[in-house]
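Thanks for asking me to go through this model with you. Here are my notes, as numbered points you can read alongside the viewer.

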Amino acid sequence: MKSKGRFLIYARDGFKNVCNHIFMSFSSVLTLIITLSLCAVFLMFVSNTNQFTRDIESQVALRVEFHIGVSDAEIEAALAEVSVHPLVGEYEFRNRYEEHARIAEMIADGDDRIEVFLADIEAPLHDVIRVEAIDIYSLDELSEFILNLEPIYRVSDPSEASEAISATTTAIRNVMMVFIVVLLVLAVFLIQNTIRVTIYSRQEELSIMRLVGGSIGHITFPFVIEGLIIGVIGAIVPIAFTLVGYRIMFNTTGGTFAINLFQLVEPARLVYQVGFLMGIISISVSLVGSLVAVAKYALKD
Amino acid sequence: MIEFTNVSKRYPNGVTGIHNLNLNINKGEFVFVIGPSGAGKSSFLKMISLQEKVSAGELKIANNDVTSISKFKSHLHRRKIGVVFQDFKLLPKLTVYQNVAFALEAVGLPAKEVRKKAMKVIYLVGLGNKVLSYPNQLSGGEQQRVSIARAIANNPDLIIADEPTGNLDPENSFQILSILKKLNEEGKTIIMATHNYDLIFDNGCRVIRIDKGAVVQDEVMGYHEV
Ligand SMILES: Nc1ncnc2c1ncn2[C@@H]1O[C@H](COP(=O)(O)OP(=O)(O)OP(=O)(O)O)[C@@H](O)[C@H]1O
Ligand SMILES: [Mg+2]
């Protein structure tokens, strides 16, 4: 009963603080909205590019060719090494007869990829392994490892296109990450500043409260509430943006993006996860901001 | 109740407020603190009300060493001390009732008790008919009575008043003093700094004279001697 009454007083004061400094509160909320919306775009971008690269990976495995005339025992040994390597996803051995049959089939089917493939092929055909790396970023390292195995003649380069895509997505990812971190720091700073101004404007009141026996915790709690209110308001818009925006994008693009190869991740689960994360980030950022302001006040007094 | 042992107060700018003070004040005393401006009266009182930290020596209040008390604990001591200022320090946007209730809320009392205690002390200082007035609608004397009501709302054992009549005319000054006197008769310890020598009881009370940060006189005296 008692703590409930107290909490109402805190909530009332916190709300009053927000209203009394409506413009500063508004700028904090706005920063949060911008930051979190970018975060949402970023998170959805990342989960989709993860899907893209997964799509690419299954198509750009390494093509490993053995020397002509290696023994079965040597092939067995090489396969054993490949199978236990931590960067290897799936792999498949095809001897030269199977490889010949596959090429013949691709020609018969009029497969697009055959042009690229034929340009790189050597006669006579070699025994090959098709090796998928666990992710696109491990291809180079894996390629080098396999090339150093005794019976290996050569390893085909991973597709340049896939490398370019993964390099671009990585670059965009990094830039966005830096940008968001900067924005988050800015949001913390702005909220901290808003609350410091509120504390400052209520300095007289606070010093009287201190004088009549209010504890530091008691008199600063409304400011933490103020931060929380800013955080909650700041989270609502980006969450709505996430829930509605992604669905609209998914529906208008029909679930594919840029190239038909890449499927967008289904909205339902992703959107709720991202929305939930937005809420957590918003509230943490505003809590950190208000706690910094409160700590500064408490340590100064 | 209050024990100063070799207490000094130096401000960060190097000015000495109080120098090497040794003094005891007992429970139930009414003590006047006098002395010229800048003598250190406020410095002395502010150390007791924990508004200023002691720079050297030892200060005990109600058998607790508060010399270097943490600001996260000081509120527990402040609740046992009522403070009254020359400039009242009322919040202008709050009514008489709210100004008093605010002090009770600050210590976390439940709403029902806040109401009961606030009304009790407001009637005690004779402002029952001004409960809903704002400070700027009150005379100086009435404002000071509100601040006394606020100071005693938490029922402290000790009341510190720093020139409480400094802004008041003689009539209001005597009224404030009589309230303090009454509180003293109820057993509260009162320490009051003043420049208004007319107020000092002529029936013998303790007067501490401070000059240049040191006690230069400390005795029970009558009006004619001051
Ligand atoms: N916060 C402060 N910072 C620096 N010096 C201070 C501070 N407060 C007081 N002083 C100095 O300490 C000395 C004592 O001041 P104090 O306020 O205790 O005097 P006082 O006896 O209360 O004077 P008055 O009768 O004018 O109120 C003075 O020299 C004053 O300038
Ligand atoms: Mg003074």
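The points below go from conventions to the sheets, the ligand shell, the helix packing and the chain contact.

1. Conventions first. Residues are numbered from 1 along each chain as its sequence is written, while chains are lettered from A and ligands numbered from 1 in the order in which they are written. This is a predicted model, in which local features need pLDDT of at least 70, side-chain atom pairs count only at pLDDT 80 or more, and totals for chains, interfaces and linings use all residues.

2. The sheet of chain B. Four strands form an open sheet here, in the order β2-β1-β4-β5, with antiparallel pairing. Helices (H or I, at least four residues) and strands (E, at least two) are DSSP runs, numbered from the N terminus, and two strands pair if DSSP finds at least two bridges between them. The edges are β2 (16-25) and β5 (64-65) of chain B, each of which pairs on one side only.

3. Strand β1 (residues 2-10) of chain B pairs with β2(B) in the antiparallel sense over six bridges.

4. Helix α1 (residues 41-48) of chain B lies across β1, β2 and β4 (56-61) of chain B and runs at about 120° to β1(B). For this and later angles, axes are lines fitted to C-alpha atoms, for helices over the stretch in contact, and angles run from 0 to 180 degrees between N-to-C directions.

5. The ligand shell. Which residues are around ligand 1? They are B:Tyr11, B:Asn13, B:Val15, B:Gly17, B:Gly35, B:Ser37, B:Gly38, B:Ala39, B:Gly40, B:Lys41, B:Ser42 and B:Ser43, where the cut-off is a C-beta atom, placed from the backbone, within 6 Å of the molecule. The largest share of this shell, three residues, comes from α1(B). By class there are three nonpolar, eight polar and one charged residues. Ala, Val, Leu, Ile, Met, Phe, Trp, Tyr, Cys and Pro count as nonpolar, Asp, Glu, Lys and Arg as charged, and the others, Gly among them, as polar.

6. Packing of α3 on α4 in chain B. The axes of α3(B) and helix α4 (residues 111-124) of chain B come within 9 Å and cross at roughly 125°, so the two helices are oblique to each other. Angles under 35 degrees count as roughly parallel, over 145 as roughly antiparallel, 65 to 115 as roughly perpendicular and the rest as oblique. B:Val96, B:Tyr97, B:Val100, B:Ala101, B:Leu104 and B:Glu105 in α3(B) meet B:Val114, B:Lys117, B:Ala118, B:Val121 and B:Ile122 in α4(B); contact requires C-beta atoms, placed from the backbone, within 7 Å. The residues of this contact divide into nine nonpolar, no polar and two charged.

7. Packing of α3 on α5 in chain B. Here the axes of α3(B) and α5(B) come within 8 Å and cross at roughly 25°, which makes α3(B) roughly parallel to α5(B). The contact is made by B:Val96, B:Asn99, B:Val100 and B:Ala103 of α3(B) with B:Val146, B:Ala149 and B:Arg150 of α5(B). Its residues are five nonpolar, one polar and one charged.

8. Packing of α5 on α6 in chain B. Helix α5 (residues 140-152) and helix α6 (residues 170-185) of chain B have axes that come within 9 Å and cross at roughly 15°; α5(B) and α6(B) are therefore roughly parallel to each other. Among the residues making the contact are B:Arg145 and B:Ile148 of α5(B) and B:Ile176 and B:Ile179 of α6(B). This contact divides into five nonpolar, five polar and one charged residues.

9. The sheet of chain A. Chain A also has four strands in an open sheet, in the order β2-β3-β1-β4, with antiparallel pairing. Its edge strands are β2 (88-94) and β4 (152-155) of chain A, and the twist averages 20° from one strand to the next. Five bridges join β2(A) to strand β3 (residues 128-133) of chain A, and the bridge partner of A:Glu92 in β3(A) is A:Arg130.

10. The chain contact. In the model, 17 residues of chain B are in contact with 17 residues of chain A. On the chain B side, α2 (74-78) and α3 (96-106) each supply at least two residues, and the largest share, three residues, comes from α3(B). That side divides into eight nonpolar, three polar and six charged residues.

Conventions. Contact = placed C-beta atoms within 7 Å.
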